[in-house]
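Visitor: Could you walk me through this structure, one feature at a time?

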There are 2 protein chains.
Amino acid sequence: MSLLAVGTLAFDSIETPFEKRTDVLGGSATHFAYAARLFGPVELVGVIGTDFPEETLKAMSRAGIGVRGVETAPGKTFRWAGRYEADWNTRHTLDTQLNVFEHFDPKVPTAQRGARFVFLANAQPEVQMRALAQMRAPELVVCDTMNLWIDIKLGALEELLRKVHGLVVNEEEARMLSGRRNLFQAAKVLLAKGPRFVILKKGEHGAFLLGRDVRFALPSYPVEDVVDPTGAGDSFAGGFMGHLAAVGEVTPAALRRAMLCGTATASFCVEGFSTEGLERTDRKGLDARVAELASLVTP
Amino acid sequence: MSLLAVGTLAFDSIETPFEKRTDVLGGSATHFAYAARLFGPVELVGVIGTDFPEETLKAMSRAGIGVRGVETAPGKTFRWAGRYEADWNTRHTLDTQLNVFEHFDPKVPTAQRGARFVFLANAQPEVQMRALAQMRAPELVVCDTMNLWIDIKLGALEELLRKVHGLVVNEEEARMLSGRRNLFQAAKVLLAKGPRFVILKKGEHGAFLLGRDVRFALPSYPVEDVVDPTGAGDSFAGGFMGHLAAVGEVTPAALRRAMLCGTATASFCVEGFSTEGLERTDRKGLDARVAELASLVTP
C-alpha cells in the first residue's frame, strides 16, 4: 500500500439544523486521510498555520496518517464556515479564509514521490499539477475540483484532466464542466476529456462510476441520523482510494468494490461532526457496513 | 397471471422545456397498464367520458389491456395539465379537471373479482377501499396515494394501509405520511402502519424497497434523453406488479427482480410523451434493459 493525498487541512465552523460547532478539524486532505487510514497507511501533503495544535498532528499520526508532508507556514490555518439547511442538500458557505493555503506550494517529501496511488483533493489546478509533477510514476492519480476552478481556471483544469486517471466530482461540477444537464451525458463528456474513469458523487442519492470498460451505479448507504455532511465527498474518495491502494489494482471488479468502500466510509463521516464519525469506527465496523451495502444493492 | 388495476384514464396537456403536447392519453391506470402488459395480461377498472375515442379503447385492447372494467359515464374524461422545469424534478400542475372521475364509483366486473394481484392507483382512499372490497381474496394488493389525501383524508388512508400488502409512494408523500424527513426512517414508520413492504420512488434517483424481510435500493436506469416524465411512477408500478403477477409469487427474490423490472419499464416511459415510449418497446427490449440495469448495479 502506498497512498498519498494532497489537499487542505482546515478548521471548519459548521451550523446544522440541530447544532453549531466552531473551529473543528476539517479540510479535504483530513477527511480523505481519516477515511483511507481504515484501509492502510496514507500520507498527507498540505499546509497548516502556526495556530494548528501540535497535539492534533500527533493524533493524526497515531491514527495511522503520515504527516511528514504537512508543512507549517507562518500565519493561520485555512478556515471555512458553512450552514446546512434542513434538507441537508443545501449548503451555504458563510466564510472562507484561505490564510496559509493561499500561497500553498506543495512539496512532496522525497521518500513519498514513489507513491503508487495519488489523490489530488480540490485545489487550484496549477497547485494540483505542481504536486503531480513531483511524483515518479504513479499507477493511479485521481483528482477532485470545484465550481470556482471550472469558472476561472478551465484551461489549467482541462490540462490536469489529461494527466489524471480518475476524476471525482459532484453533480453540479459535472454539469458545469461538461455543459450537459443530463448526468449520464455529462459523465461521457468528462470521460472524453482524458481520465479513464469519472465518478459522479450525488450525496444522499449515491454515486455513479463511468469508465472505459466499467459502469456502476450505487445508492448511498441509508444513514438514519445525519449529523454533519461536511467531508462526505472526501471521505468517499478516501475509502475508494484506500481500497484500491490496499488491493493494489484498478480492475473493473476492484473499482466496483472501491465504490462500495467509499460509500460505506462516507456514511460514517456524516454520522458525526468533523472526523468524529470516522474516528469512531474501525476496519471491522467498516467491513460490516460494506457487506450490508452489498446485500442492499445486489439484485 | 391475473392482474387488475384501478385508476384514472385521462387526457394530459404537458409542457416540457422542449415541447408542448395537448390532450395526449394519460392517467395512472393507463400508464400502469401499458407497462404491465409487457409482462402479461392486465385488466383495468376506471371511468371515461363520452369524449374518449372508441379507437383509443380498441388500441388498448389490441395492446393486451383488458378494458371491460372501464365504464363510460356522461360528461368529459379526467384532464390534467402540467409543466416541467428544466431540471425535470420540478413539476407545476397547471390545471386539474376531475370531470367524470369526480363521482367515480369503481365496479369490478364479476369475472375479475378473483384477480390475484391488484394495484390501487392514486385515488380518494374511500374509492380505493370500495374497489378493494369487491375483490375476493387477492394475494397481493399494492396502493399509491398523493399529498392531497394525506392532507384531507388521513384517517381513511390509514385504514386502507391496514388492508394492503404494499405501498408505493414518492419521497414527498413518504415524508408527509410518516412525519419523518429522513427517508429510511420514513419507510420504517410507513411499514409500521400496516403494509408488508413500502417502496419509495425517488424519480431519477431510483427507488428503495423496505419490507419486513427484504431491503433493496436501486438507482434509476440512466436515461440520456428524457422526453416526458409523466407516468413514470405508474409505469414503475406496472412493471413491478407485472413481474410479480407473471411469476406468481412475492418472495424477497421476486420483489428485488420486480424492482428492476419496474425501474427498466419506467425508463421507457420517460423516453416518450404519453404511452409512446412504452408502446415503442416489447418484451425483448425490456428484458435487455433489465439485464443492463442488473449489470450496472451488481457489485
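Guide: We will go from the pair of chains to the sheet, the helices and a few single residues.

Guide: This is a predicted model, where local features need pLDDT of at least 70, side-chain atom pairs count only at pLDDT 80 or more, and totals for chains, interfaces and linings use all residues. Residues are numbered from 1 along each chain as its sequence is written, while chains are lettered from A and ligands numbered from 1 in the order in which they are written.

Visitor: How many residues of chain B are in contact with chain A?

Guide: Two residues are in contact if their C-beta atoms, placed from the backbone, lie within 7 Å. Here 21 residues of chain B are in contact with 22 residues of chain A. On the chain B side, at least two residues each come from helix 7 (183-191), strand 13 (215-218), helix 9 (252-269) and helix 11 (283-297). Helices (H or I, at least four residues) and strands (E, at least two) are DSSP runs, numbered from the N terminus. Sorted by class, that side of chain B has 11 nonpolar, 5 polar and 5 charged residues. Nonpolar covers Ala, Val, Leu, Ile, Met, Phe, Trp, Tyr, Cys and Pro, charged covers Asp, Glu, Lys and Arg, and the others, Gly among them, are polar.

Visitor: What rotation superposes chain B on chain A?

Guide: Copies are superposed by least squares on the C-alpha atoms of residues with pLDDT of at least 70 in both. A rotation of 180 degrees with 0.0 Å of shift along its axis does it, at an RMSD of 0.0 Å. The two copies are therefore related as by a two-fold rotation axis. Both copies use the same surface, since 100% of the contact residues of chain B recur in chain A.

Visitor: Now the sheet, please. What is the order of its strands in chain A?

Guide: Strands of a sheet pair through backbone hydrogen bonds, either parallel or antiparallel. In this analysis two strands pair if DSSP finds at least two bridges between them. Chain A has an open sheet of 9 strands in the order 5-4-1-8-9-10-11-12-13, with mixed pairing. Strand 5 (65-72) and strand 13 (215-218) of chain A are at the edges with a single partner strand each, so one side of each has no neighbour in the sheet. From one strand to the next, the twist averages 15 degrees.

Visitor: Which way do the residues of strand 9 of chain B point?

Guide: A residue is buried if 20 or more other C-beta atoms lie within 10 Å of its own, exposed if 12 or fewer, and partly exposed in between, with C-beta atoms placed from the backbone. In strand 9 (residues 140-143) of chain B, B:L140 and B:V142 point one way and B:V141 and B:C143 the other, and all are buried. Strand 9 of chain B pairs with strand 8 (residues 117-120) of chain B in the parallel sense over 4 bridges, and B:F119 stands opposite B:V142.

Visitor: How many residues of helix 1 of chain A are buried?

Guide: Helix 1 (residues 28-36) of chain A is mostly covered, with 9 of its 9 residues buried. Among them are A:H31, A:F32 and A:Y34.

Visitor: At what angle do helix 9 and helix 11 of chain B cross?

Guide: Two packed helices are described by the angle between their axes and the distance between the axes. The axes of helix 9 and helix 11 of chain B come within 9 Å and cross at roughly 115 degrees. Axes are lines fitted to C-alpha atoms, for helices over the stretch in contact, and angles run from 0 to 180 degrees between N-to-C directions. Residues including B:L260 and B:A264 in helix 9 of chain B meet residues including B:L286 and B:V290 in helix 11 of chain B. By class, this contact has 7 nonpolar, 3 polar and 1 charged residues.

Visitor: What is the phi of A:D23?

Guide: Most residues other than glycine have a negative phi. A:D23 has a positive phi, near 50 degrees, and lies in strand 3 (residues 20-26) of chain A. With 15 C-beta neighbours inside 10 Å, A:D23 counts as partly exposed. In chain B, B:D23 also has a positive phi of about 50 degrees.
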